[in-house]
Amino acid sequence: MKEKNVRNTLGYRMKRDWIRNRSLYILVLPVLIFYILFHYKPMYGAIIAFKDYTPTLGVSGSPWVGVANFTRFFKSVYFGRLIKNTVLLSVYSLIFGFPAPIILALLLNEVRSKHFKNVTQTITYLPHFISLIVVTGMLTDFSMTAGLFNDIIAFFGGERSPLLQNPDLYRTMYVASGIWQQVGWGSIIYLSALAGVDQQLYEAASIDGAGKWKQLIHVTLPGIAPTIIIMLIMRVGQLMSMGYEKTILLYNPSTYDTADIISSYIYRVGLMEQDWSYSTAVGLFNSVINFCLLILTNKISRKFSETSLW
Amino acid sequence: MRNKKRNAALLMAATMTAATIAGCSGSGSSTTKETTAAPASSAAAETTAAGGAEAPEAFSYPMAAGDKLQYWCDLTTTVSANYSNLGDTPFGQGWQENTGVEIEFLHPPTGQMKEQFSLILADGSLPDLMEYNWTVDYPGGPEKAIKDGVITPLNDIFAQYCPNITKYLAENPDIDRMIKTDEGHYYVFPFIRGDENLMNTIGLMVRQDWLTELGMEVPTTIDEWHDVLTAFKNEKGCIAPYCFEYTNGQYLGADPFVAAYGVNRSFYLGSDGTVHFGATEPGFKDYLATMNQWYQEGLIDPDLATLKNDQVSAKITNGQAGASMGQAGSRMGTWTTAARATTPEFTLVPAPVPTLEKGGQAEMGYIENPFSGRASVAITTSCKDVERAARLMDWAYGEEGHMFFNFGVEGESYTMVDGYPTYTEQILNNPDGLPVSQAMSAYIRGNYNGPFVQDIRYLEQYYTMEEQKQTPIVWGQCNGAAHTMPPITPTSDESKEFSTIMNEINTYRDEMILKFIFGTESVDNFDTYVKNIDNMGLARALEIQNDALSRYNAR
């Protein structure tokens, strides 16, 4: 009885755990340090969103201003447009960009010729390794009046026009180029999930008279559903956190209407105009929305399926 | 003691001025003699006046060994093409030898000066000397930089250790006013353009060989421009007769077609002596209407908002465009050299700021201030040996330093020919095959910027083509200098409010201008556009500018 109590103390259990799993702990240590240094420590700096930050006074020395920076953003004439653009662009990226790698993976999975499959995979991966600045540079050149896209349009009898100066086309260009660049890379995880589906199930299904299509619906998709859902949750969690890099490389004042998003706005105000506190406030607001979305999706997913992040 | 020293310094400055007026100026490297002589006499004066007080020692360059100084500055591309540190260049070495000060040069990564500057401030370990645009790019302005304890006010330092710049400022009261804050503090060793021809470096240029072929003159009015561009389109098959990148702030601010309508894209000094915002004035509407018409007629590059420098260069040199704007050196010169490889007759000539009526002279036009704030050096509060730093900087404003910064080393990068400093073959026809701009940048700072007074004689030799030499005269044909905003300094609170307002307005303006030009927004809606800008707080922004201007005028 007494001995059992000793064994149950936290210290004892931790010690035992350490002895048993020492190598695992050591293995995880670098990752842990990385997160503490680069993800948790900088969070302290987020308090400048509530301050009037001056570098010489430092984070702790700058005077508090309450929520002034947030109200300034909410009152800004661009508030509505920034939110709308960010949401629309990410929702389109999600709707069109999320299924694309799954479809590619399913198609590749059905290919019987190993050679063809490898070649296709390599070709679709490659764009992932092209630097974003090169991709956007190509896109800008192709979109010009004398560019490749316009050559194609003109070939089919269309009229030449500067495509990247048309706000109506901006989202299409942004989303489509994103898919082109990431579809191959994104399909890797699904291909590995597909490899894990039990082959006996296919056999059983085909004995029951299921064709290729029925097999896809009833065996393959349920088999990779957990992966899809986890990926979806993570993707939704990042819904609002669109990087500014691609936007600032692709947009110009004539497409601000559809192109200007929260992060590009932060870039312009924060880095170019050195208004650190304000841009931190906008960024913080963005992160809070992201956080809420993540929790929400997780809840929904837990309700309707058995898969969830926690 | 402090006061006595100041008196001594004032006296010293006075003696120096007197000595120069007496005829010492222009006689080659006389500064060393002057600086040695002047303190001696003032020291003597002080001893007599104060009766045996401690006398400052006679001063001469090079200085005795002492602290190594850290000097932070952007490394311009023409230097970084061949050197990774300014200290490796003959310029950097010569500067240290001549002054006797050991300098450690620190450079931010190319194109990241502002970001690096913020990081250095946040970090708190400031280099001794920092070259930056303290007038415009320090959030809150230069007075705030002093109050924040980042930089040292220089009034006492100028008076005590800087006879050269003190003398220069005494001779140029208009520049003296520009480089002070409203409170009267000096804060930098300034970069000054020493001649008005150095201030109008951007303008229109057009293909002369085509004009000759078509029997046309260099256009001077908006109507003539319309005819010329139409001819380029129809006769020469240009797809982009007039071509420049419409998102590059440097060129937009100088746009001669906006100036033709007597306005400016941003703030300018009106004839009534107050600050105006050009983009909401009636003239701007006419400008937009013309641009929209030209755009519809295919006279302007249809891709104007997505163009970058490379594409503009390509279009000009391969004949898809016939007119553009920019600098005489990096654009007109570079393009002409490049295009002549395939088109020997290729010639670009400068065109003046267009007018609406034939024969008039444009009222507006792009003329910079002699002092814009750029590349000016402040002594930070981290600097331990302020005297050493000040004397190092002051050297450039004396005769010897002036020659060194603009022409380099006599006998190596220039020789005196009939009293005119002439660049050697080393610079103009570099044996290692370096372009003139890079060969110059190794020896001098005269061809870009820095803490010194720029000399026009550099430009006279840098421009090798006849057309380039005409540019200062042709582009200077306007009254633009009267409308350039002086370097005013809003207070720290004002500047914060101002940037909040202008951030929204500028975004909206840039967006709408393009819409008006493309025709996606009718120019008839100009009044709505003006009303929207008013609602964003333009009146308050103008008030801030005007307050700052009246304080500036009162300096």
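Me: Which residues lie nearest the centre of the second largest pocket?
Reply: In this predicted model, the lining of the second largest pocket consists of 42 residues. Elements that give two or more residues to this lining include α2 (10-40) and α12 (212-237) of chain A, together with α5 (113-123) of chain B. The residues that lie nearest the centre are A:Pro42, A:Ala46, A:Thr280, A:Gly283 and A:Ser287.

Me: Which element gives the largest share of the lining of the second largest pocket?
Reply: Among the elements of chain A that give two or more residues to the lining are α15 (262-272) and α16 (276-304). The largest share amounts to 11 residues, and the element that supplies it is α16(A).

Me: How many residues of the lining of the second largest pocket are charged?
Reply: The pocket has a volume of about 1,600 Å³. Its lining divides into 24 nonpolar residues and 17 polar ones, and the number of charged residues is 1.

Me: What percentage of the residues in chain B is buried?
Reply: Chain B contains 25 helices and 13 strands. A residue counts as buried when its relative accessible area is under 20%. Of the 555 residues in chain B, the buried share is 57%.

Me: What is the mean pLDDT of chain B?
Reply: In chain B, 90% of the residues reach a pLDDT of 70 or more. Over residues 1-5 of chain B, however, the pLDDT is below 50, and residues 8-55 of chain B are also below 50. For chain B as a whole, the mean pLDDT is 86.

Terms used. Residues are numbered from 1 along each chain as its sequence is written. Chains are lettered from A and ligands numbered from 1 in the order in which they are written. This is a predicted model: local features need pLDDT of at least 70, side-chain atom pairs count only at pLDDT 80 or more; totals for chains, interfaces and linings use all residues. Side-chain values use heavy atoms; hydrogens and water are left out. Helices (H or I, at least four residues) and strands (E, at least two) are DSSP runs, numbered from the N terminus. Buried means under 20% relative accessible area, exposed over 50%, partly exposed in between (1.4 Å probe, protein chains only). On a 1 Å grid over the protein atoms alone, a cavity is a set of points where a 1.4 Å probe fits but cannot get out, and a pocket is an open set with protein on both sides within 12 Å along at least five of seven lines; lining residues have an atom within 4 Å of a point. Grid points are joined across faces, edges and corners, and a volume is the space filled by probe spheres set on the points. Ala, Val, Leu, Ile, Met, Phe, Trp, Tyr, Cys and Pro count as nonpolar, Asp, Glu, Lys and Arg as charged, and the others, Gly among them, as polar. pLDDT is the predictor's confidence in each residue, from 0 to 100. Contact means heavy atoms within 4.5 Å.
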